[in-house]
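Hi,

Here is the structure I promised to pass on.

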Amino acid sequence: SEPIAMQRRGVSRLAVALPLSIKVTEAAHTGLASQKVYQAQTGNISPGGVRFDSDLPLRADDVVELKIDLPSGIIGVTGVVVSADKVLRDGTEVNSLGVEFFTLPEDIRDMLMEFILENTPVLGSEG
């Protein structure tokens, strides 16, 4: 399916599924192994954060290290969970997690912005 651009809080969000690795660094949930790497896919991404579904029982204020597999390379970011909502996807309950990135190095931010801009449909264009 085609990526879809969304506007939210004045920032372009791109609905796209990208491979995502998650490592929990600080969690209120004591059962999560801090050295284990979990896998997921992005639901949408912006220069400020990412949303993805996971069976991880993360909660707001948990801190995660993410590796996002962009076509131009893998970027590593750290962020804080700002929303954790239980949702039904294909009849299965999962956690829809919103992670806000901490300050990104300029090169990583540029790489992410370039990917978003290259994949954002141009409104009003004839296809």
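Below is what turned up, one topic at a time.

This is a predicted model, so local features need a pLDDT of at least 70, side-chain atom pairs count only at pLDDT 80 or more, and totals for chains, interfaces and linings use all residues. Residues are numbered from 1 along each chain as its sequence is written, and side-chain values use heavy atoms, with hydrogens and water left out.

Confidence first. pLDDT is the predictor's confidence in each residue, from 0 to 100. The chain averages 85, and 84% of the residues score at least 70. Residues 1-9 have a pLDDT below 50. Beyond near neighbours in sequence, that stretch has 19 contacts in the model (contact means heavy atoms within 4.5 Å).

Next, the core. A nonpolar core is a set of buried Ala, Val, Leu, Ile, Met, Phe, Trp, Tyr and Cys residues joined through side-chain atoms within 4.5 Å. Buried means under 20% relative accessible area, exposed over 50%, and partly exposed in between (1.4 Å probe, protein chains only). The largest core has 29 residues, and I22, L66 and I68 touch the most other members. Among the elements that give two or more residues to this core are strand 3 (19-26), strand 6 and helix 1 (106-119). Helices (H or I, at least four residues) and strands (E, at least two) are DSSP runs, numbered from the N terminus.

Now the charges. D53 sits in strand 5 and R89 in strand 7, so the pair ties together parts that are 36 residues apart in sequence. D53 is partly exposed at 27% relative accessibility, and R89 is partly exposed too, at 39%.

D62 is another story. It lies in the loop between strand 5 (49-54) and strand 6 (63-70). D62 is buried but has no salt bridge: R59, the nearest side chain of opposite charge, is 6.1 Å away (Lys and Arg count as positive and Asp and Glu as negative; His and the chain ends are not counted). Still, the backbone nitrogen of R59 lies 2.8 Å from a polar atom of the D62 side chain.

Finally, N95 in strand 8 is buried, at 7% relative accessibility.

Cheers

Methods:
Salt bridge = Lys/Arg side-chain N within 4 Å of Asp/Glu carboxyl O. Polar contact = N/O pair within 3.5 Å; in protein donor to acceptor, adjacent residues only side chain to side chain.
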